[in-house]
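Hi everyone, and thanks for coming. I'd like to walk you through one structure today, going from a single residue out to the whole chain and back again. Let me put it on the screen.

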Amino acid sequence: MSSFTKEDQALQLKDEGNKALREGRWGDALMSYSNGLKLLNELAIDNDPLEAVTSSAAEVSLGRPALTSGARKSPVGIAIRSNMAMVYMKTKMEFEAIDMCTQILDDDPGNAKIIARRGKSNHTLATGKNKHLTVAERKVYAKYAEDDYLLCLDILSRKGELDRASSKMKKEVEEDLHAIRTTDE
């Protein structure tokens, strides 16, 4: 199987995952996304066999799935993991969403969309009905949400003129920032 074919298949699996996500089939979406990441791993290892050794040990030691650097940093890999974070958010798995967003930001620190998603997950933990969190923990998550929202707005402000999607995101983040700041008032 050629490298081009694996990348095409990973992109097709991402698209299948996106369709499942839109239809609310969370398990199917995660399965498609996971299979897409496996193909990206294979592609990176095909291109550089040392990827298998160096990435696996580092990722596993952090308690993360073993993804090669090539799979993590590819635009398709970032998009797949971003969409996996969205599935976690939709299924109220906020801790998993935060972890996935943080992993993505390790590889793409200026990704405003991912920062906004992480902020939203932190916001949900700060204001949600998770009975396992103390008041002090909720305040910490509120601070994390505020920090993420401010960082996202800073990144967007440096972009200059925003496209429609970025303008919409900016407005939503500004509203979320206001909401998190007024939660305790």
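Let's start with Asn18, which sits in helix H1, residues 3-22. Helices here are DSSP runs of H or I with at least four residues, strands are runs of E with at least two, and both are numbered from the N terminus. Before I go on, a word on the source: this is a predicted model, where local features need pLDDT of at least 70, side-chain atom pairs count only at pLDDT 80 or more, and totals for chains, interfaces and linings use all residues. Residues are numbered from 1 along each chain as its sequence is written, and side-chain values use heavy atoms, with hydrogens and water left out.

Back to Asn18: is this residue buried or exposed? Its relative accessibility is 16%, so Asn18 counts as buried. By buried I mean under 20% relative accessible area, with exposed over 50% and partly exposed in between, using a 1.4 Å probe and protein chains only.

Leaving aside residues up to four places away in sequence, Asn18 touches Tyr33 and Asn83, where a contact means heavy atoms within 4.5 Å. With Asn83 there is also a polar contact, side chain to side chain, at 2.7 Å. That term stands for a pair of N or O atoms within 3.5 Å; within protein, one must be able to donate a hydrogen and the other to accept it, and residues adjacent in sequence count only if both atoms are side-chain atoms. Val87 is 69 residues from Asn18 in sequence, yet their C-alpha atoms are 9.8 Å apart.

Now let's zoom out. The protein chain has nine helices and zero strands. Of its 185 residues, 43% are buried. Among contacts with a separation of 6 or more, 58% join residues 24 or more positions apart.

On to helix H7, residues 112-127. H7 has 16 residues and reaches 22 Å from first C-alpha to last, close to the 22 Å expected at 1.5 Å a residue; the expected span is 1.5 Å times one less than the number of residues. Why do I call H7 largely enclosed by the rest of the structure? Because twelve of its 16 residues are buried. At the N-terminal end, Asn111 caps H7, with a side-chain oxygen 3.2 Å from the backbone nitrogen of Lys113.

Within H7 we find another asparagine, Asn122, which counts as buried because its relative accessibility is 3%. Beyond its sequence neighbours up to four places away, Asn122 touches Ile98, Tyr141, Tyr144, Ala145 and Asp148.

Next, helix H6. Its 14 residues should span 20 Å at 1.5 Å a residue, and the end C-alpha atoms are 20 Å apart, which agrees. The buried residues of H6 include Glu94, Ile98, Met100, Cys101 and Asp107, and the buried set packs against H4 (69-73), H5, H7 and H8.

Let me finish with cysteines. Cys101 has 0% relative accessibility, so it counts as buried, and Cys152, at 0%, counts as buried too.
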